[in-house]
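I opened a new page for a structure that I had not looked at before. These are my notes, in the order in which I looked things up.

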Amino acid sequence: MAVDRERVAALVTELLSAIGEDPDRPGLKLTPQRVADAYTEFFSGVGEDPAEPLSHTISVSRGPAPDTLPSGAVMLRDIHFRSVCEHHLLLFRGKAHIAYLPGEQVVGLGALPKVVDVLASRPQVQERLGEQIADTIWDALDTRGVLVVLEATHGCVTFRGERQRDASTVTIAARGEFTDPISRTELMLLMGAPRE
């Protein structure tokens, strides 16, 4: 579903009036269209299938290097993401760390950031975002375990209320073998992520 840019621009014009501003003053005249453009980017994941990037897998036994079967986890660290908190429509941003234990199929590493991007590009909360990433990988790949650690700073914490500019939030989502805290400890150390 595409963002209705005209409707967003009209609503931003109304919002500017509602906060006591003149939407026709020179500094704000183009703001409604700029916000519509930004929202088109921020919410591009609405209606998109996050599993689609995982649909092209590589066989580890019949692939390009069958003599190098993975015996441990595949990990991708420091995937930068940004999203919009559904509670205040303020940005939050951070890094995702993803690990999975492959079965017969692996996926190109570039697919994992695409999954994160699709799911982050919709109104979100960090707790659900991590769970959705883990579920998508768990459901789409032949995997024995999935671990997703997100660390992010939130506009609703850094800009509002107590304005804790250095506060960050860490969430952990685990599936399969990584639901065991001992199994995921080594990975979390390798990820450089905070331990439970």
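**Entry 1. Ground rules.** I am working with a predicted model, in which local features need pLDDT of at least 70 and side-chain atom pairs count only at pLDDT 80 or more, while totals for chains, interfaces and linings use all residues. Residues are numbered from 1 along each chain as its sequence is written, and side-chain values use heavy atoms, with hydrogens and water left out.

**Entry 2. Layout.** I found six helices and seven strands in the protein. Helices (H or I, at least four residues) and strands (E, at least two) are DSSP runs, numbered from the N terminus. Read from the N terminus, the order is α-α-β-β-β-β-α-β-α-β-α-β-α. Along the principal axes, the C-alpha atoms fill a box of roughly 65 × 35 × 20 Å. I noted that 39% of the 196 residues count as buried; buried means under 20% relative accessible area, exposed over 50%, and partly exposed in between (1.4 Å probe, protein chains only). Among contacts (heavy atoms within 4.5 Å) between residues at least 6 apart in sequence, 67% join residues at least 24 apart.

**Entry 3. Helix 3.** How many of the ten residues of helix 3 are buried? I got seven for this helix, residues 111-120, so it is largely enclosed by the rest of the structure. The buried ones are Ala 111, Leu 112, Val 115, Val 116, Val 118, Leu 119 and Ala 120. I then looked up what covers them, and the list includes helix 2 (31-42), helix 4 (126-140), strand 2, strand 3, strand 4 (105-107) and strand 5.

**Entry 4. Gln 124.** I moved on to strand 5 (residues 123-124), where Gln 124 is found. Gln 124 is buried, with a relative accessible area of 0%. The side chain of Gln 124 reaches the backbone oxygen of Leu 119 at 2.9 Å, and Leu 119 is one of the buried residues of helix 3. For a polar contact I used a pair of N or O atoms within 3.5 Å; within protein, one must be able to donate a hydrogen and the other to accept it, and residues adjacent in sequence count only if both atoms are side-chain atoms. Leaving out residues up to four places away in sequence, Gln 124 touches Ser 83, Val 84, Cys 85, Glu 86, Phe 92, Leu 119, Leu 129 and Gln 132.

**Entry 5. Helix 6.** In helix 6 (residues 181-191), I listed Arg 184, Leu 187, Met 188 and Met 191 as buried. Seen down the helix axis, these buried residues fall within an arc of 105°, so they line one face of helix 6. The arc is that of the directions from the helix axis to the C-beta atoms. Ile 182, Glu 186 and Leu 189 are exposed on the other side of the helix. The cover over the buried residues of helix 6 includes strand 2 (74-85), strand 3, strand 6 and strand 7 (169-176). After helix 6 comes Gly 192, with a positive phi near 80°.

**Entry 6. His 97 and Asp 78.** His 97 sits in strand 3 and is buried, at a relative accessible area of 4%. The side chain of His 97 reaches the backbone nitrogen of Asp 78 at 3.1 Å. Asp 78 is in strand 2 and is partly exposed, with a relative accessible area of 36%. I looked at backbone angles next. Most residues other than glycine have a negative phi. Asp 78 is not a glycine, yet its phi is positive, about 60°. Leu 89 also has a positive phi, near 55°. Leu 89 lies in the loop between strand 2 and strand 3 and counts as partly exposed at 45% relative accessibility.

Entry 7. Last, I looked up the second largest pocket, which holds about 170 Å³ of space. A pocket, on a 1 Å grid over the protein atoms alone, is an open set of points where a 1.4 Å probe fits, with protein on both sides within 12 Å along at least five of seven lines; lining residues have an atom within 4 Å of a point. Grid points are joined across faces, edges and corners, and a volume is the space filled by probe spheres set on the points. Which residues line the second largest pocket? I wrote down Arg 82, Leu 91, Phe 92, Arg 93, Thr 153, His 154, Gly 155, Thr 158, Phe 159 and Arg 165. Strand 3 (91-102), strand 6 (143-154) and helix 5 (155-158) each give two or more residues to this lining, and strand 3 gives the most, with three.
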